[in-house]
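Hi,

Here is the structure I promised to pass on.

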Amino acid sequence: MPPASGGTYRFFTDNGHGAHVYGLEARGPTPWPRLVVRGSLALMRSELNPFTLSNGNAGGGRDLANAPHYGYTLGTR
């Protein structure tokens, strides 16, 4: 089997000029003594401010990478 052919990759790292992250989280138990149901809901927005990279290209102006828009949990006992 021939070796896998791949392209060449160029990695470029630069720092942005700021970001904004804000959100809301709520959680709470239920009042039933023998059945416990717990849950939470989280909403989050993030934005990487626009900036110019050191190589002249535009950067930012988008959501942060790996930042979810929402999250939730639900559990019973």
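Predicted model: local features only at pLDDT ≥ 70, side-chain atom pairs only at ≥ 80, totals over all residues.

Residues are numbered from 1 along each chain as its sequence is written, and side-chain values use heavy atoms, with hydrogens and water left out.

The overall picture: the protein chain has five strands and zero helices (DSSP runs numbered from the N terminus, with E for strands of at least two residues and H or I for helices of at least four). In sequence order that gives β-β-β-β-β. Of the 77 residues, 10% are buried (buried is under 20% relative accessible area, exposed is over 50%, partly exposed is in between, with a 1.4 Å probe and protein chains only). The accessible surface is about 7100 Å², with 56% of it belonging to carbon and sulfur atoms (Shrake-Rupley, 1.4 Å probe; for residues, only the protein chains shown count as cover). Among contacts with a separation of 6 or more, 51% are between residues 24 or more positions apart (contact means heavy atoms within 4.5 Å).

Now the cavity. Searching the whole structure gives one cavity of 30 Å³ or more (on a 1 Å grid over the protein atoms alone, a set of points where a 1.4 Å probe fits but cannot get out; lining residues have an atom within 4 Å of a point). The volume of the largest cavity is about 30 Å³, taken as the space filled by probe spheres set on the points, which are joined across faces, edges and corners. Its lining consists of Met44, Arg45, Ser46, Asp63, Ala67, Pro68 and His69.

Ser46, one of those lining residues, sits in strand 2 (residues 37-48). Is Ser46 buried or exposed? With a relative accessible area of 9%, Ser46 is buried. Leaving out residues up to four places away in sequence, Ser46 touches His20, Val21, Arg62, Asp63, Leu64 and Ala67. A polar atom of the Ser46 side chain also lies 3.2 Å from the backbone nitrogen of Leu64.

Asn57 is in the loop between strand 3 (51-52) and strand 4 (58-59). Asn57 counts as partly exposed because its relative accessibility is 45%.

Cheers

Key:
1 Å grid on protein atoms, 1.4 Å probe; cavity = no way out; pocket = protein on both sides within 12 Å on 5 of 7 lines; lining within 4 Å. Polar contact = N/O pair within 3.5 Å; in protein donor to acceptor, adjacent residues only side chain to side chain.
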